[in-house]
Amino acid sequence: MQAYIIRRLFQSALLVLIISALVFFILNLAPGGPLSGLKFQISAREYSEASVQRYKELLGLDKPVYLRYFYWLGDMVRGDWGDSWTVSTGRPVLGLIMSRLPNTLTLMISATILSLVLGLLIGIVSAIKQYSIIDTAATVFSFVGISIPTFWFGLMMIVLFSVHFRILPAGGTADFGMENDIGNRIKHLIMPVAVLSLINVAGWSRYVRASLLNVMQQDYLRTARAKGLSGSKVITRHALRNALIPVITLMGLEIPILFGGAIVTETIFSWPGMGRLYFQSLVSSDYPLAQGLLFVTAVLVVLSNLLADIGYAIVDPRVRLS
Amino acid sequence: MAHHKLNRRLLTLLALLVLLVPVLAACGGTPAAQNTPGTAAQATTAPATQPTTAAAAQPTTAAPAAGETETTAAPTEAAAAPTEGDAAATTPATGGDTATGAGQETITIGMSQEPPDLLPLFGSAYVSTIVEEAIDDSLVQRNEKNEYVPQIAKSVPRIENGGAKLTGSGANAQLTVTYQLRDDVTWHDGEKFTADDVIAGYNLLKNPNFKTPSAFVYRDQLASVKKNGDYEVVFTYKKGELDPTYYIVGNIGIPSHITNKVDPAKWDDPKANPLVNKPVGTGPYRFVSQNPERVVLQSYDKYFLGTPKTKNVIFRIIPDTQALLSQLQAGELNASTEDAHQINQFEDLKALEGRGVKTYTVPAATWEHIDLNLSVPVLQDKRVRQALMYGIDRKTITEQILFGQTQPLNSWLTPTNWAYTEKGLNKYEYNPEKAGQLLDQAGLKLDEEQGVRVFKGQPVTLELMTTAGNELRAQTTQLIQQNLSDLGLLVSLSYQPAAIYFGDPPDAPLAGRKYQMGLYAWVSGDDPAGFELYHSSQIPSKENNYTGQNYPGWKNERNDQLLKQANQREITREKRLPLYAEQQKIFNEELPVLPLYQRVNISTAANGLQNWKPTPTNTPPTWNAHEWVLNK
């Protein structure tokens, strides 16, 4: 197991390196960038080869792409992730990311825990009481939940609770001057968490239900029942454990999303998180910031894959990591 | 075993997909941004006609900004003062009850995006200038009538009033501009604003390590900047440099007592420049704090034009326009700025009038037009270009797409520009019959069977190109396509990502002159300029190293003479006005470009908010923040 983990870590490091290069080069190949359209932004008499060249030098863009990649990588390793160009001019990328991360984690972890609890509960009940009224209701709820577009649901909630009833704030993480008031913060969390959870619960409960139903038809469960185990024990000891494998796969993929944030939800609820930061960095050609964010995502995806694989081994003894 | 391997492969594949999505988004992302009117459309989508002016006009304004932390400046007051959000949400009508004067204590304004920086003299995004205008004042300032009025300076220095002088003539002509400064202006930390602060700005801008692509005036045109006592600054230009916007050259004051040791190359580095995290200005409002959710300002009691009437101004950043509308409706916001709205929201905004929210529209400095590539044979005939103009129903376009908030444009100058001369301009009111006749005369005969016009044996097809993802432009081009097909002209529409459309020559469609008809916008500056746009030496080509922005490729001898005279020989309005009047007549007759309309700036303010005066320029509505009062 240990050897396996160490080997996988090495592979992961290599993978991250390759991804970082890909990200860097693709980003720099894309049309756009700080020099694109410069001709339209400064007057023609100012636009000379010399002035463009000087601007390039100041931004560090005068060197070939591959050299810039190595400079960037070297600085990254030493903890200097560069400075933002356009989103928050001059500020260090790492600092920007760290300033948004707590907001995103608060939102995403709250939403994930809520969805996980609800998703598991609904999924299990639906599976055990297949085709009952509860199951049918859960099925309908899931389809509705999956079908509702996030932005529409979010706006409807704002119209209902902020505009009509005026009981919840329409956006932001806290009111001005009340940043340390937990109650105020929770009030701001309610709607975005509800929106995010709706979709997750809808999806996850279906996974849990399907997976559990599949497991419950297995021979070993009949054996477990035959040897006299109680219904609840069969479910918790034997069925659920096996049914969780696909859910772990899902959870593994969920980790990068936890850190990446949710662009649409964050935008609608004016939630200053990673998703919006990422979106802004791309639309305003802020390469240092976009590179930093993509790098974080890459590391997280690779790591969470590793965690998911290890997770298999824990819940499923048949999996041998060798 | 096998299926676990499979699972793992699937996982890796999924993971790669997750990674790829952002990368793909990156490729497609840029253009989307450049088209979003929210993101300072003026700056990105619409190339500026005269950005030097714009840049020079804005710089002073700024006082730098803010980290994610609050400053120590006024923590006690800040804690006591601004109320917003929750309080406003539950009792929107009353807001802050403990107001000092006649009005409410706090005005909350919605904007679309966090200001990237609040640094003075730094090429600023429109959202930055919104905040900067409230924090910092300039020597001279543009008002809602598009006129420059004195702020820190005692008067606007012009040749006409003796504030500027022109000596010699021709290559020896030399311009000197003298600003008399008020002696009662102070920075927010109490230091006096003096001539040294202006000179410090000049020294910064002319430094080659200062990170801006546009400081041409300061690097190349000025000979010296000297003070004469503490409250007089004299700008002397090099001989032969006739800067048409000389009267705003002094808008470059910075708090030199704070920045005198800052390395120009590190102007935007928060570790080197204290202004990055804590802007200090001379304006009516002091910077209190900034985070990704809001920028908080508080009135500066020693403001030289009198203590502002409202104690707190809070800018809230609300990226989603629908969410912003809800918050206006809920009374959580008292106003919203132009970056947050698009013309297609006009009717939604109008519907809010019953709820105490007033909509303000002003024709913008940004004007949409179609460049006609005069290298395309069929477009070389003046009658064809005039036929296009008669055949496009611009009145209907402005009425239906822009809700009648703007008018068709007949010149390349907007009616708010001082050099705009309406007299003698053909209005080209929609007249398909006349358009048909002109096309007939030009030899574009209608093939009755096909319903298509034929030129030299070929059916006439034209490609109309514009940026992708811009709803206003998409609707406009579709109506134009319909209009022209009624004339028997086949028009295909091509939507390009802005990064490609506005890309660099020789490959880019516009700058490389590889288009047929190109719809886009220019932002007109305070000075009419126009030399780079329409002088024949400014047709970008390989030979002239792609200099200039005369993308139609217009060449007209009289036009060349007039533009040269108006831009390089004369500097007084009195002498330039008749030159531009004649030039506009030629333009209006020759039509190398089909002017369409000015865009519309939309902002909102609560009914009780007095003195909300949006401008027809790039000057944001915060320019007169010290006059704002929000009635109780």
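**View 1. Salt bridge between A:D75 and A:R78 in the predicted model.** A:D75 is partly exposed, with a relative accessible area of 29%, whereas A:R78 is exposed at 66%. Buried means under 20% relative accessible area, exposed over 50%, and partly exposed in between (1.4 Å probe, protein chains only). The two side chains meet with N to O at 3.6 Å. A salt bridge is a side-chain nitrogen of Lys or Arg within 4 Å of a carboxyl oxygen of Asp or Glu. By this rule there are 23 salt bridges over all chains.

**View 2. Salt bridge between A:D219 and A:R222.** The closest N and O atoms are 2.7 Å apart. Both residues lie in helix α9 (residues 219-226) of chain A, 3 residues apart, so about one helical turn separates them. Helices are DSSP runs (H or I, at least four residues) and strands likewise (E, at least two), numbered from the N terminus. A:D219 is exposed at 52% relative accessible area, and A:R222 is exposed at 53%.

**View 3. Salt bridge between B:D527 and B:R576.** Their side chains meet at 2.9 Å, N to O. The pair links distant parts of the chain, 49 residues apart: B:D527 is in the loop between β18 (517-523) and α16 (531-534) of chain B, and B:R576 is in helix α18 (residues 573-590) of chain B. B:D527 and B:R576 are both buried.

**Notes.** Residues are numbered from 1 along each chain as its sequence is written, and chains are lettered from A and ligands numbered from 1 in the order in which they are written. Local features need pLDDT of at least 70, side-chain atom pairs count only at pLDDT 80 or more, and totals for chains, interfaces and linings use all residues, while side-chain values use heavy atoms, without hydrogens and water.
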